Structures are given as C-alpha cells and as structure tokens.
Amino acid sequence: MSRFRKIFNKSFVGLLLLTCLSLSHKSFAADGEALFKSMCANCHKPDKDYTGPALQGWKDRQPDGWIYKWVAAPGALIDPYASALKTKWKASGIMTAFPQLKKDEIDAIMKYVDEYKPPVVVEGPKNSNDKNTDGNSLLFGVLTLVFALIAFILLQVNSNLKKLSDEKIGVYRSEPVPFYKNKTYLMAGVIGLFALGGYFAIDGAIGLGRMQNYQPVQPIYYSHTVHAGTNQISCLYCHGTAQDSKHAGIPSVNVCMNCHKSIAKYEGPDKLEREDGTAVNGTAEIEKLYEYAGWDPIAKEYKADKNNDGVPDGAKPIQWVKIHNLPDHVYFNHSQHIKVGKQQCQTCHGNIQEMGEVYQFSTLSMGWCINCHRESKVDFFNKADSTGNKFYSIYEKFHNDIKNKKLDSVTVEKIGGTECQKCHY
Amino acid sequence: MNKIINIGLTLLAVITVSSCSNKQKPGKIYMPDMTYSRAYETYSLLDTTNFSINREDAENRRNAFFNASPVKGTVKRGELFLIEDTNDSIGYANSSKHVNPVTTFTKDELAEAGRLYNINCGVCHGEKGGGNGPIAGKIGAVANLNLPLYVSMTDGTMFHSLTYGKNNMGSYASQLDRKQRWMVINYVRTLQPKASPAKADSASVAKTK
C-alpha cells in the first residue's frame, strides 16, 4: 500500500511540475509578443530596419547579457558597439530606457523576435470584368437601331405591296410619296428633334454655373481613399478649420509633413489609379510633396533658409485646384453646418473616403440647399442635460408647442432657413 | 438645298451641346463677375494685376490666397499668451517649468479635449494613448503615452513637444491653439495610469533623451 502511495505521490509531483513548466512556457511565449507590441514595436521590427535596427540576429552581434544592460539604460552604455549603434541611428535619437523590464521579460521578447516570420501576403485575383456594364448599354443601343431600321423597311415593303395589290384589283393609287417627303415622317422627325433639342438646351442652361462631377487634375495625386479611408485619419485632422470658420481649410504643407516626414514610400494596399485608368506611383507623388515642402528626404531635414523668407529654400504652397465654388452672391459657412448643425462631411461631399480623385458630389444648386433646410430638424437647447443649440432659445414657443402636442417637429424653414438674406446679401 | 443646310446645322448644334461635358473642366457660367469674387477671398485666385507685389512672385507662389502664418508677436483674440521658449534643446529643457494654465475644466470641456485628442493625436497615439493608432505602424517611434516616462513628464515639456514637434512628431501649433494644446494635455493625463512616486523617480532617472 505504502509503495503505491509513494509511486502515486512521485508521479503526481512530477505531473504537477510538468504542467507548471508547460504552462509557464506558454505564458512566456504569449507575453513576448504582447510585450514586444506594447514596448518595442513602435520603433523596432523583428526582420526589418525601422526607426531602430532590425532585432533578428541580435545574439550574434553581442555577447550574452549585453542586451539586459542596453535595455535598462541605453544612454549609460559606452562600450564600442553601443557607441557605434548610437552613431548609426543618430537621426532616431537614443532608445528609450525600459528599466521596468525584467530579465525573463526581455528573454521572452527576444524569443518572440527570433521566432517571428513575416505574414504571407496573398494577392487577390485581378478584376477584369469592370467594363461589362458599358458594353451592355452599347449593345442595347445598336439592337434598338437595328430593330428601328427593320421596322422602317417593313413599313415601306408593306406600303409597296398594298399598292401592288390595289392595282391588281383595279383601284387606282397615286405614285407613293418618298419617305423624306412624307408629312407624317417629317412631322415625327421634327417633333423628335424639337424634344431632343429642348431637353439638351434646358439641361445645359440649368447646368450653367453648376459643376457637379467636376474632377480636375490636381498638382499632386492625393487619394482620400488612402488617407481618410484605409488609414482612418479624421477629416478634421487636415480640414480642421471647417469647425471654426467659413472655409474647410486646405491643409498647409506642414500638416502633410506631420506624417510624411516618416512616410516616404507608398506601400498601402489600395491601388492608386486616375479616373482614366492610368496607374499612379504613390512614392513619386510623395516626392512631389517634398519638393513643395522644401524637405530633404535623404538627410531627413528641411533645407536651409538662406534667403531668409521664413520657409526652407524652394518651398512653396501647393496650388490645389478649387473644386467646390459657390457664386460670389451666396454665403456659405462650414462651421455653422459642422459645429452647430452637426452635419457629416459626407452629407454634401459624398463618400469622400472612397474617392481617389475628388469630384463634386452634389449640385450645390439652390434647390439642393433649400431641400435640406426644409427637411433638417433643429437641435434645440435642452435645459435638462444642457445639450443642443442655445442660439434658438427665443424659439421656446416652438418647443412648448411640441410639448403641448400642437406641433410634431420644427423644420429649418420655420426658423428662417429659407429667407433670401440667409444666403444672398 | 436650304433645307439640308438647316437640318445639318441643327444636328451640328445638338451634337456640340451634348458633347461638351468634360469632367476635368469646370464648365461655363452665366456671369463671371457674380460667380468669382472681386474681393479678397481665401483660396481664390489673386487678380495678379491688382494684388500681387511683383510678377515673379505671382508666378512662383502667390497666385492665390493661401493660409499664412500669423504675424510675429501678435496674439489672436481670446488666445493665451505666447510662451517664449526656443525650438531647441535649451528650450526643451527649460519647458518643464511652465505650468498648465488650464487647471479647472468642466465635463464638457474635457469631452471637447477628448474630441480634439481623437482627431489630432489618436490617429498615432491611439484612442487610449497606447501608441497603437491606425497609422502608428507606418510612422514608427510613436510614443506609448502610458509609459512611466510620459506619466512623469511635466505638462510644460509636453506643451513644448506639441508646439514644436519632437522626433517623428510634427508641430501641432497650426492645428491646435495654445488653450487647446493645454486641454489635450489634461485629457492625456486622464488616460494615463496614476503615477506612483517610486515609479516616477526611476523614470526620471532613465530619461535619456
């Protein structure tokens, strides 16, 4: 009995030890990845040079134990290898110290680094069926024409046959009028032309001064798909003045350089294409930006300002082509709509985060403005939770009317949103 | 003969009208002087003969009204006063002594600061300050604001970094005014873990940059 107990005890302890070991091993591996991502990944990549050097192969570069000293206080290390490192990565500055990392944590991180393999990128199949819809409409057009021609020929044949049969019976018929002198055909043609001409004339007249779908070529191919879509940069990061002023400001070059100081190559997943299908080299477009900014991408600094005009030599503003243009006699204020009206940019500008090249989405016609003002509800000041727009507190009457069920809602029109002077003055 | 000419002319007119829809051209307008402002207007083209200083200037960089930096030494209405620190290591070292003037803030103001943070900072530093925003991986060396180093960093030094930029980060002086920058710093403090005195000490020793 005692022998069994001994065996049982021994095996139990052994099992416990094994479980503990395997568990701790597992948690180390997971920790390594998490620690690397939270502490190191901002500057280091396992397999590539980044802000700091690639970490793989670290073991061969320095004797064991060096890395612990380096991580704890990189500034204090003065051996030749550390000095060489500091000189080579001068542009990035000295690495942040991580004295809080313990030895086993550093081991876990380095283990993760050694085992890291870059994820395999799978390229999607090329989409070659894009143009199908266009082909279909052309086909239908041709078919319609062919059928119209057949109908016309059949009509002619019919009238000829009728004439022959009539002659056989003995009924005399005058020589048939050729179709281009036939009054019915002529009349139909004239009416058709009149309708067509009227349609185009009126359409063109309405379109005068409206620039819907206007999509000019810009000095730099700037893709909103890449910036606002894939990279999720807020519209207000660049167009911040939209919430403060009349204009949704076009960012000055320094705003672009906030990110592009570090991003010199386009490596995103989106394919850059112009409207006519020509491919765009994203990296070349970023180089154009560097020209405008007066930035030297190799030295990674702005060029010197030798002529003392306050900007790096050769730097100049980018002349973007203005797309949205309201007539001079219309006043439009972005901040009123964004900050007070709480409208989304997309309400007027369409799905801007999916536009490679920006085009004017809305007509910006008066009817289009008025229509939205008729439908949009006003967000009145709410005393209970102090939200909403205080400006219209004099309209508390409306508020009370709603409370007393005399009204169900108040449109912009009711508070003067369609007065001429709101826009024309 | 006349008839044929008439028909031909009509057809020609129809074709011309229907074919002039080029997306890259802005199109025609009724009265240009009612559409394009004769007065100063942001981003509109300068009337070179009237406004520009000299011809070469007009051709090179000033054919339109671009956003300009404020005149040196001026303070915008309602704006906090300028802190006279230089954009170099001396100014950076000096900056820690500046005290955050925005000390009391309401719930609404903090929410506004959070909104500004998410627009301007969150894209790199992450919604929670962890340095893991959507484009942090492309910029590189994005600070994890929750590290002890940044918990113990003074408001003044953060303000210096926001104003002049630091390492990979650019200046945010054009996007956030001075009060907004202090507000954002207050918001970052709410994201950070509370600093324990011991930790703060070790971090300030480890501050090497």
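1. H10(B) passes H11(B) in a right-handed crossing, where a crossing is right-handed if the near helix is turned clockwise from the far one by less than a right angle, and left-handed if anticlockwise. The two helices, residues 155-164 and residues 178-191 of chain B, have axes that come within 10 Å and cross at roughly 125 degrees; axes here are lines fitted to C-alpha atoms, for helices over the stretch in contact, and angles run from 0 to 180 degrees between N-to-C directions. H10(B) is therefore oblique to H11(B), since angles under 35 degrees count as roughly parallel, over 145 as roughly antiparallel, 65 to 115 as roughly perpendicular and the rest as oblique.

2. From H10(B), the residues Asp155(B), Met158(B), Phe159(B), Leu162(B) and Thr163(B) meet Arg181(B), Trp182(B) and Ile185(B) of H11(B), a contact being a pair of residues whose C-beta atoms, placed from the backbone, lie within 7 Å. By class these residues are five nonpolar, one polar and two charged (Ala, Val, Leu, Ile, Met, Phe, Trp, Tyr, Cys and Pro count as nonpolar, Asp, Glu, Lys and Arg as charged, and the others, Gly among them, as polar).

3. This is a predicted model, in which local features need pLDDT of at least 70 and side-chain atom pairs count only at pLDDT 80 or more, while totals for chains, interfaces and linings use all residues. Residues are numbered from 1 along each chain as its sequence is written, and chains are lettered from A and ligands numbered from 1 in the order in which they are written.

4. The mean pLDDT (the predictor's confidence in each residue, from 0 to 100) of chain A is 81, with 88% of its residues reaching 70 or more. Confidence in chain A is lowest in helix H1 (residues 2-40), at a mean of 60, and highest in helix H9 (residues 235-238), at 93. Over residues 20-29 of chain A the pLDDT is below 50, and this stretch has one contact in the model beyond near neighbours in sequence; residues 123-132 of chain A also stay under 50, with zero contacts beyond four places in sequence.

5. Chain A has 16 helices and two strands (helices, H or I, of at least four residues and strands, E, of at least two are DSSP runs, numbered from the N terminus). Of its 425 residues, 16% count as buried, where a residue is buried if 20 or more other C-beta atoms lie within 10 Å of its own, exposed if 12 or fewer, and partly exposed in between, with C-beta atoms placed from the backbone.

6. Helix H10 (residues 253-260) of chain A is mostly covered, as six of its eight residues are buried, and these pack against H9, H11 and strand E1 of chain A together with H8 of chain B. H10(A) and H11(A) pack at an angle of about 130 degrees with their axes 10 Å apart, which makes H10(A) oblique to H11(A), and their crossing is left-handed. Val253(A), Cys256(A), Met257(A) and His260(A) in H10(A) meet Ile286(A), Leu289(A), Tyr292(A) and Ala293(A) in H11(A), a contact with seven nonpolar, one polar and no charged residues.

7. Between the chains, the contact takes 57 residues from chain A and 49 residues from chain B. On the side of chain B, H1(B) gives the largest share, four residues, and the residues of that side divide into 21 nonpolar, 23 polar and five charged.

Note on methods
Two residues are in contact if their C-beta atoms, placed from the backbone, lie within 7 Å.
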